[in-house]
Amino acid sequence: MLEDDPNGNTETIKSNVSPRWGPQHKGAQELANLYSPGKRAQEIICVYTCIALMVVNFVFILRHFHLDRVSIAFLAAFCGIITADFGSGIVHWAADTWGSVELPILGKNFLRPFREHHIDPTSITRHDFIETNGDNFMVAIPILGVLFYNFLTKTPENIQQDFGWISYLFLCSIFVAMTNQFILMTYTSLLLDPQMVTYVCALPKWVLFLQNSHIILPRRHHRIHHVAPHETYFCITTGWLNWPLEKLKFWSSMEVAIEYLTGCKPRDDDLKWAKK
Ligand SMILES: [Zn+2]
Ligand SMILES: [Zn+2]
C-alpha cells in the first residue's frame, strides 16, 4: 500500500480492479449504518462540554501564569503530551485487538469506529467535526474537570506550587482531545481527486509544518499502522512512542500474555469485518 493511498486506489487504476478498502466495502457500509442518533447526541454533549472546559481552564492558566514557572510548565507539558500519546496507543490497541461490535453498548458505540477506520480509512474525511472528535473529547472531560476543580478550590499559592501538575494535565487533555483531528489531518493533507488520479493538498502550511516536524502525527508514520493486520504503531496522538514500543515488543508481548490467560485471539473481530 502506498503511504498516501490508504484505500489502495493507485493499484486499482493500474490493474483495473475495484479498490480493496473504501466506502464500497460491504462491512464498511454496514458499520457506517450503525451510527445512531443516540450516539450523535452523546458526541454533541461531549464536544460542547469539553470546549467549555478547555476555554475556562485556559483562562485560569493565563491568570495564574508567572514567567518564573515557564521551564517547569514546558517540561510538564511535554510529559503531558507523551502521556496522551501512550494513552492513545493503549486505547487504540485495546479497541482494535479485543472485543467485538456485538458487545452491548461498548461495541456499537465505541468499537465500531475503529473497525470502520480499517476497512474504510478515508471515511474520517467524510465525517463532520462532531463525529470525528466526540469520543476523544469525552475522554478529555474528566481530566479537564479535575483541573477546573483544582482552580476553584485551591488558593493562589497552592496553584503556583502545583503549576507543573496543572500544565501536565492541561496539555495531556488537549492532545487527548485532538487525537482524532490529527488522524483526520493525515488523510486530508493529501486527498485523491474525484477521478482518483492525482492528490490535492487540502491543509494550511502550518499544519503541514507540524506534521513534517513530527509535533503532531505525520501521515507517512500513520500509514505503517494501516498495513494489515494492523498490529503495530497504535500511538496516534504524536506517534512519538511507536518506535520505542515496537523495539520493546510491547504490544505483541501483551497480546501473547492476554491470549494465554483468556484464550481470546487478537484481532478476531477486526478480521471478521475485513472479510465481509
Ligand atoms: Zn487501528
Ligand atoms: Zn488511519
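Colleague: Which way does H4 pass H8, in a right-handed or a left-handed crossing?
Modeller: In this predicted model, H4 passes H8 in a right-handed crossing, and the axes of the two helices come within 7 Å and cross at roughly 35°.

Colleague: Which residues make that contact?
Modeller: On the H4 side the contact includes Ile72, Ala73, Ala76, Ala77, Gly80, Ala84 and Gly87, while the residues of H8 that take part include Gly164, Trp165, Tyr168, Leu169, Cys172, Phe175 and Val176. By class, the contact of H4 with H8 has 16 nonpolar and 7 polar residues, and no charged ones.

Colleague: Staying with H4, what should its 28 residues span, and how far apart are its ends?
Modeller: Helix H4 covers residues 70–97, and at 1.5 Å a residue it should span 40 Å; its end C-alpha atoms are 40 Å apart, which agrees with that expectation.

Colleague: And what follows H4?
Modeller: Glycine 99 follows H4, and the phi of this glycine is positive, near 80°.

Colleague: Back to H8, then. How does H3 pack on it?
Modeller: Helix H3 (residues 37–64) and helix H8 (residues 163–188) pack at an angle of about 150°, with their axes 11 Å apart. Angles over 145 degrees count as roughly antiparallel, and H3 and H8 are therefore roughly antiparallel to each other. The crossing in which H3 passes H8 is left-handed.

Colleague: Which residues meet there?
Modeller: From H3, Cys50, Met54, Asn57 and Ile61 meet Ile166, Phe170, Ile174 and Ala177 of H8. Sorted by class, this contact of H3 with H8 has 7 nonpolar residues, 1 polar residue and no charged residues.

Colleague: What about H3 and H6, at what angle do they pack?
Modeller: H3 and helix H6, which runs over residues 129–153, pack at an angle of about 40°, and their axes are 7 Å apart. Since 35 degrees is the limit under which angles count as roughly parallel and 65 is where roughly perpendicular begins, H3 and H6 are therefore oblique to each other. Their crossing is left-handed, and by class the contact of H3 with H6 has 17 nonpolar, 6 polar and 2 charged residues.

Colleague: Switching to the whole chain, how many helices and strands are there?
Modeller: The secondary structure of the protein chain comes to 13 helices and 2 strands, and of its 276 residues 35% count as buried.

Colleague: What share of the contacts with a separation of 6 or more comes from residues 24 or more positions apart?
Modeller: Among the contacts in the protein chain with a separation of 6 or more, residues 24 or more positions apart account for 70%.

Technical notes:
Residues numbered from 1 in each chain as written. Chains lettered and ligands numbered in written order. Predicted model: local features only at pLDDT ≥ 70, side-chain atom pairs only at ≥ 80, totals over all residues. Helix = DSSP H or I, 4+ residues; strand = E, 2+ residues; numbered from the N terminus. Expected span 1.5 Å × (residues − 1). Axes fitted to C-alpha atoms, helices over the stretch in contact; angles between N-to-C directions. Parallel < 35°, antiparallel > 145°, perpendicular 65-115°, else oblique. Left-handed = near helix turned anticlockwise from the far one by under 90°. Contact = placed C-beta atoms within 7 Å. Nonpolar A, V, L, I, M, F, W, Y, C, P; charged D, E, K, R; others polar. Buried ≥ 20, exposed ≤ 12 C-beta atoms within 10 Å, placed from the backbone.
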